[in-house]
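The sequence and the structure are shown first, and the description follows.

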Amino acid sequence: MSIVDTARQAAQGLVQGALEKLVPLAPDNWIPGGKPDPLIARKHGLIGQPVSRLDGSLKVTGAAAFAAEHRFDNMVYAALAYATIPRGRIAAIDTGAAEAAPGVVLVMTHRNAPRMAPPPAFGSSPTAVGPADLPILQDDRIHWNGQPVACVLAETQEQADHAAALLVITYEAEPSTTDLAGAKANGIEPGLFMGQPLLNEIGDAEAALAAAPHRVDHIYRTPRHNHNPIEPHAATLAWIGDDLVIHDASQMVTQQAQTMADVFGLRTDQVRLTSPYVGGGFGSKGLWDHQVIAAAAARLANRPVRVALSREGVYRIVGGRTLTEQRVAIGATNDGKFEALIHTGLTVMTPHNAMPEPFILGTRAAYAAPNMLLKVEVARMNMLANTFMRAPGEAVGTFALESAIDELASDLGMDPVELRIRNEPDADPTSGLPFSSRHIVEAWRRGAERFGWDARPATPGSRQDGEWRIGMGCATGTYPYYRMPGAEARITMTRDGDDVRAKVEVAAAEMGMGTATTTAIVAAERLGLPMERIEIGYGDSAIPGAIMAGGSQQTAAIGAAVIAAQAELVTALLKLAGNDSPLAGLSADEVGSDAGALASLAEPSRRESYVSILTRAQRDSVTVTKAGSMPLELMHWSMHSHSALFCEVRVNTVTGETRISRFLGAFDCGRILNPKTAASQFRGGIIMGLGMALMEETLFDERNGRIMNPSLSEYHLPVHLDVPEIDVIWTDIADPHTPMGAHGVGEIGITGVAAAVANAVYNATGIRIRDLPITLDNLMR
Ligand code: MOS
């Protein structure tokens, strides 16, 4: 289950009843039963303006307090010890030396930890975000190599780290499965997302493949990836009586607070979790064992605790992307039309979690084919629970699919851009739904022209510059549009001299991508106020509603809530305005916000300023809270962000080294709300994709399930010198069926990038690499 599929299924489940009596939406309207939103179709006000991050200066000056920078009086520091076997039990723990070490306040193991419920696993309820259904520090069982087995609290971090190193832990190993062959031999299961099978069968794909005049049929492999946000995971927390206050690094603030409440048997309002600043998440900034252990230790020691994972700690307890083995087979006619599209394969997860890497998701709506077979299967291994990582499913699935299309283009002697355009579907090939907004061909055409695609050498290995071979490749990305239900916005409008200010609060998470800024743009636009008069509240579980920075859907969810709350505010202000107002007699849907005032939509000169309404009503402020509409648009349309990606590489014939020399992403993601932060999202995703293509690989010791490269010195990521200037352009065509006309921009960036690189490497060298990463040893042939 990716976060995004959770959204879709939650949406579908919640609207099931509504759907039965649903009147079809007007084609230009995303608000069921409402009127077309005039603001979607055109650019207006701040929408589309490049606005810098509002918290940028706080971050660069160090004034923004991240999770590990909060401080409580009397606080102690936590260090964790991690198991060194993949499965078995703890035979003995000698805590004597650790307890006697300087500064030590507490050594907590399963023997003295308070009793706690296992965190409800992600997907088991709308607010459950536990990594797996395992109890934490409650028994002597070991489930993965790296599992936390003890926590030391001390007066300084150094003292805690030192004491943790003095623990003497012995284990009784039990039979385990830590290699892929063994996992397969144990049995293969169908992949399930929230009970939904990862399976699509249309027609008879195998028969159509066998009968097709042109065929490609290959296996592609992607390795494990670990999460490496620049800010390692951390929390600073304290018990205030029976209430728990947590300053965390979270992309799912409300849900994490609720899950902590479930673990400790607390009421929802007894846990307050804040997370205003997060140094990157990418799917990993959720609940893992460290927050639970720190809260338990804080209770036992009766002291506030800071737990800041070392980089190695992040590798031991924060799950990453799991490995895949994928088959893609395409059968095509002589003119390149797909007759059969097969995308099947295997992914690995633990016996205790439910996150099969859903690599077929992007294939479902990518290309037209009368016969399709899409299937994900799962094998189980004793390892850390894997999780979401930027475009879970799509990032690795498009590597296989888009490589296979390049292979077919090469067999057919056809331009790979034209082959893709030739197989553009008219409607969603698996759901049958119409597309809400799909301008991928325009992205292809504009991208190809700007990149100079026509200079691509048709023959692989034919362009050389000294000892470098040069090639170009391309790929498509698709990432679904989602919008989770549950988002609310609270607007408080306050008199401020002869003007007003507005505070807009949403239970959203900001990982650094610009959520607060984009929310301010949307709120300012809707309220008709300048951005300086708007304050955004977010990243705090005390704010009503529940949003999540996941599945590239948060901005749409926030937008829908802000739009709904603005409408509610109009109603409240009209009531306050009363019969003496020029607006008297107008209903709320005849009135809009405009330049610090409410104004008649039909007759804008009929208006009254916000401050005048509040003053006449003798009110200092007015507050409204409203939930966004149900995401019914998901039921009517197949909705996606799209990309057309172009890559140029130089491969050294002497060393095998691959350098990316140029990259261009042409995106079709609806209306771009803030070009500055959107461009950063696209570029960041592309850079992550370059790492996936050429460098990233978790080295997993198949003998014992130990991650062997748990540091940034041995786990390679792109650095500045690895990244060329990345050109990003977009269609900026608003989707009339979404709030603000926007689609997500967070995860589409990485999607397809690894294939674009692999296809460029093939074009440069004639060597087809089907296993990531593309390292130089594979090119030294
Ligand atoms: Mo994302 S993997 O939904 O943070």
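## Salt bridges across the chain

R89 and D140 are joined through their side chains by a salt bridge, with N and O 2.9 Å apart; the term denotes a side-chain nitrogen of Lys or Arg within 4 Å of a carboxyl oxygen of Asp or Glu. This pair connects distant parts of the chain, 51 residues apart: R89 belongs to strand β2 (residues 88-94), while D140 sits in the loop between β3 (104-109) and β4 (141-142). Helices (DSSP runs of H or I, at least four residues) and strands (runs of E, at least two) are numbered from the N terminus. R89 has a relative accessible area of 24% and is therefore partly exposed; buried means under 20%, exposed over 50%, and partly exposed in between, with a 1.4 Å probe and protein chains only.

The model is predicted: local features need pLDDT of at least 70, side-chain atom pairs count only at pLDDT 80 or more, and totals for chains, interfaces and linings use all residues. Residues are numbered from 1 along each chain as its sequence is written, and side-chain values use heavy atoms, with hydrogens and water left out.

## Further charged pairs

Over the whole structure, the search finds 40 salt bridges. One of them links R272 and D540, whose closest N and O atoms are 2.6 Å apart. R272 lies in strand β14 (residues 271-274) and D540 in the loop between β23 (534-537) and α15 (554-577), so this pair ties together parts that are 268 residues apart in sequence. R272 is partly exposed, because its relative accessibility is 38%, whereas D540, at 14%, counts as buried.

Another salt bridge brings the side chains of R616 and E608 together at 2.7 Å, N to O. R616 is partly exposed at 38% relative accessibility, while E608 is buried, with a relative accessible area of 6%.

The chain is divided into domain 1 (70-175 + 231-280 + 285-317), domain 2 (324-482 + 635-778) and domain 3 (484-630), with bounds that come from an automatic or database domain assignment. The C-alpha centres of domain 2 and domain 3 are 39 Å apart. Between these two domains, 13 residues of domain 2 are in contact with 16 residues of domain 3, contact meaning heavy atoms within 4.5 Å.

How much area is buried between domain 2 and domain 3? The value is about 1100 Å², and carbon and sulfur atoms give 64% of this area; buried area is the accessible area (1.4 Å probe) that two parts lose on being put together, summed over both. Y482, L673 and M740 supply 42% of the area that domain 2 buries against domain 3, more than any other three residues. The interface of domain 2 and domain 3 has 0 salt bridges by the rule, and 2 residue pairs are in polar contact, both at pLDDT 80 or more. The side of domain 2 that touches domain 3 comprises 7 nonpolar, 5 polar and 1 charged residues. In this division, Ala, Val, Leu, Ile, Met, Phe, Trp, Tyr, Cys and Pro count as nonpolar, Asp, Glu, Lys and Arg as charged, and the others, Gly among them, as polar.

R438 is found in the loop between α12 (416-422) and α13 (440-451), and at 14% relative accessibility R438 counts as buried. The R438 side chain reaches two backbone oxygens, that of A365 at 2.9 Å and that of A366 at 2.9 Å. A polar contact is a pair of N or O atoms within 3.5 Å; within protein, one must be able to donate a hydrogen and the other to accept it, and residues adjacent in sequence count only if both atoms are side-chain atoms. Not counting residues up to four places away in sequence, R438 touches A365, A366, E424, P425, H642 and D668.

Is L309 buried or exposed? L309 is buried, at 7% relative accessibility, and occupies the loop between β15 (305-308) and α10 (311-317). Apart from neighbours within four places in sequence, its contacts include L80, Y82, P232 and H290. L712, in the loop between β31 (706-707) and β32 (726-730), is partly exposed with a relative accessible area of 42%. With neighbours within four places in sequence left aside, L712 is in contact with N228, R311, Y315 and L717.
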